[in-house]
Amino acid sequence: MSTPQWIIVGAGFTGAVLAERIASQLGQSVLVIDRRDHIGGNAYDYKGPYGILVHKYGPHIFHTNSKKIWDYLSRFTEWRPYFHHVVGHVDGCYTPIPFNLNTLADLFPRQMADQLSQVLIDTYGYGKKVPILKMREEASEQLRFLADYVYQKVFENYTIKQWSLRPEQLDPSVSARVPIHISRDNRYFQDIYQAMPADGYSAMFERILAHENIAVETSTDFDSVRGLYPDAKVVFTGPIDEYFDFAHGALPYRSIRFRMFERDEAHVLPVGTVNYPNEFDFTRITEFKHLTGQSAPGSVLIEEYPEAYVPGRNEPYYPIPTDDTASALRPYQQMAQELRGKVWFAGRLGDYAYYNMDQACGRALALFEKQLSQARPPETA
Ligand code: FAD
């Protein structure tokens with residue numbers, strides 16, 4: 001490729017989907033770069049011990065309610081249906097997470113569990129999801145008792161480990177991600193579409209990026225190409241504060257240290273993930289075989305140890321959604337606005353937003369449709 005018309009920084013969901021849209025719909029040339037030595041962003045996977053497909057940056061389970069996103073990605077992959085199950089180790093018992101009516105039955109004497117279940121169903125309705133912080137404010141003493149119990153046993157310590165913050169310090173959307181589910185459905189997600197890419201995420205990304213108008217350069221930082229193509233439009237999916245040289249201070253991110261290990265056993269965990277809200281320094285362990293459906297004599301697992309983000313030492317995985325960070329982000333959004341038409345920011349780091357994979361994909365599709373598609377070359381008569 002000679003001079004690209006677009007530079008896309010980051011080959012994760014956001015960057016790859018935008019590159020595909022620009023290349024195929026606008027017919028324009030795109031150079032996708034990533035500072036890592038692979039494509040796929042945080043969803044990158046590879047064959048590990050025993051040939052098991054492992055996720056380098058922690059377990060990634062695809063789920064969405066959007067038919068549009070599902071149909072779009074289905075052009076690049078077959079799927080293996082997969083319903084993720086999580087149990088938490090609570091009071092010596094392995095019990096379903098998110099907390100639901102089965103968890104209640106596991107942790108309380110039968111009569112009490114039946115009574116509390118009935119109160120939950122009468123108050124909210126079967127099938128409803130209730131954020132823990134909301135339930136803690138209910139007038140009913142029984143509901144507050146239950147909410148306090150769940151808060152202490154399931155939420156409080158896990159949140160402190162994960163974020164180094166208390167649940168109330170975070171944006172309510174964070175604790176609402178793992179609500180109390182008034183149901184006996186033990187699946188971790190209830191989305192309409194839940195599946196894993198049949199050949200893995202990396203294979204799917206290779207297909208998304210396999211277009212004649214797209215060139216990909218990994219192990220390439222934006223700094224090394226920044227001045228090379230002054231006329232190219234830029235989509236930046238890296239950290240927005242880094243793009244502007246931290247002009248308004250560094251935004252906080254949470255990082256994770258992963259410990260991947262193998263076991264000489266066919267199966268280790270009863271379900272895909274076991275959460276440890278109250279013991280150990282790690283938050284959870286995941287056994288990849290459950291996700292991939294592979295069979296092998298051994299197994300590969302991953303533990304997650306949340307830690308502070310230190311630039312140059314680890315990766316900025318999670319934007320930290322609080323009121324303070326929302327204010328700290330605003331001057332960067334203003335600076336981004338001033339570059340509009342030339343540089344766009346998107347993605348988990350570019351928007352500084354806690355997106356799931358489907359949301360990152362949806363954000364990319366919407367950005368293309370609402371803004372970038374206007375860069376379409378004029379129709380020839
Ligand atoms: P990323 O995937 O982070 O891609 C951004 C890319 O930009 C990176 O590869 C980075 O190297 C590159 N980059 C940054 N700066 C530069 C630069 N200056 N120059 C060159 N390259 C640069 N979502 C789900 O839906 N389900 C899950 O189960 C799930 N589990 C997760 C588990 C963990 C531990 C984490 C951290 C996230 C999880 N997610 C999950 C979220 C998912 O990872 C994100 O939604 C998705 O990766 C966002 O894609 P993105 O393209 O916006 O960002």
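Which residues are closest to the ligand, and how many surround it? In this predicted model, 33 residues surround the ligand. The closest are Gly 10, Gly 12, Gly 41, Gly 238 and Gly 347. Sorted by class, the shell has 15 nonpolar, 12 polar and 6 charged residues.

**The chain as a whole**

The chain holds 14 helices and 19 strands. Its radius of gyration is 22 Å, close to the 21 Å that the globule rule gives for 381 residues, so the chain is as compact as a globular protein of that length. Along its principal axes, the C-alpha trace spans about 75 × 50 × 45 Å. Of the 381 residues, 38% count as buried.

Start with strand S13 (residues 233–236). S13 pairs with strand S1 (residues 6–9) in the parallel sense, over 4 bridges. One of the details can be found at Val 9, whose bridge partner in S13 is Phe 236. S13 also pairs with strand S19 (residues 343–345), again in the parallel sense, over 3 bridges. Here Val 234 stands opposite Val 343 in S19.

Now turn to an open sheet of 3 strands. What is the order of its strands? The order is S5-S11-S6, and the pairing is antiparallel. Strand S5 (62–64) and strand S6 (79–81) are the edge strands, and each pairs on one side only. Neighbouring strands of this sheet are turned by 40° against each other on average, direction ignored. S6 and strand S11 (residues 193–197) run antiparallel and are joined by 3 bridges. Look at Trp 79: its bridge partner in S11 is Pro 197.

**Backbone details**

Some spots in the backbone deserve a look. A cis peptide bond joins Ile 97 and Pro 98, with omega about -5°. Pro 98 sits in the loop between strand S8 (93–97) and helix H3 (101–107).

Ser 164 has a phi near 60°, a positive value in a residue other than glycine. Ser 164 lies in the loop between helix H6 (141–163) and helix H7 (172–175). Ser 219 is not a glycine either, yet its phi is positive, about 50°. Ser 219 is in the loop between S12 and helix H9 (222–225).

| Residue | Other C-beta atoms within 10 Å | Class |
|---|---|---|
| Glu 217 | 14 C-beta atoms | partly exposed |
| Ser 164 | 14 C-beta atoms | partly exposed |
| Leu 365 | 18 C-beta atoms | partly exposed |

Why is Leu 365 partly exposed? Leu 365 has 18 other C-beta atoms within 10 Å, while a buried residue needs 20 or more.

**Two residues and their surroundings**

Where is Glu 217? Glu 217 is in strand S12 (residues 214–217). Leave aside its neighbours within four places in sequence, and Glu 217 is in contact with Leu 31 and Ile 33. Gln 142 is another matter: Glu 217 and Gln 142 are 75 residues apart in sequence and 58 Å apart in space, C-alpha to C-alpha.

Leu 365 belongs to helix H14 (residues 357–370). Leu 365 and Met 196 are 169 residues apart along the chain, and their C-alpha atoms are separated by 20 Å.

Notes:
Residues numbered from 1 in each chain as written. Predicted model: local features only at pLDDT ≥ 70, side-chain atom pairs only at ≥ 80, totals over all residues. Helix = DSSP H or I, 4+ residues; strand = E, 2+ residues; numbered from the N terminus. Buried ≥ 20, exposed ≤ 12 C-beta atoms within 10 Å, placed from the backbone. Contact = placed C-beta atoms within 7 Å. Rg over C-alpha atoms; globule rule 2.2 N^0.38 Å. Pairing = 2+ DSSP bridges. Axes fitted to C-alpha atoms, helices over the stretch in contact; angles between N-to-C directions. Near = placed C-beta within 6 Å. Nonpolar A, V, L, I, M, F, W, Y, C, P; charged D, E, K, R; others polar.
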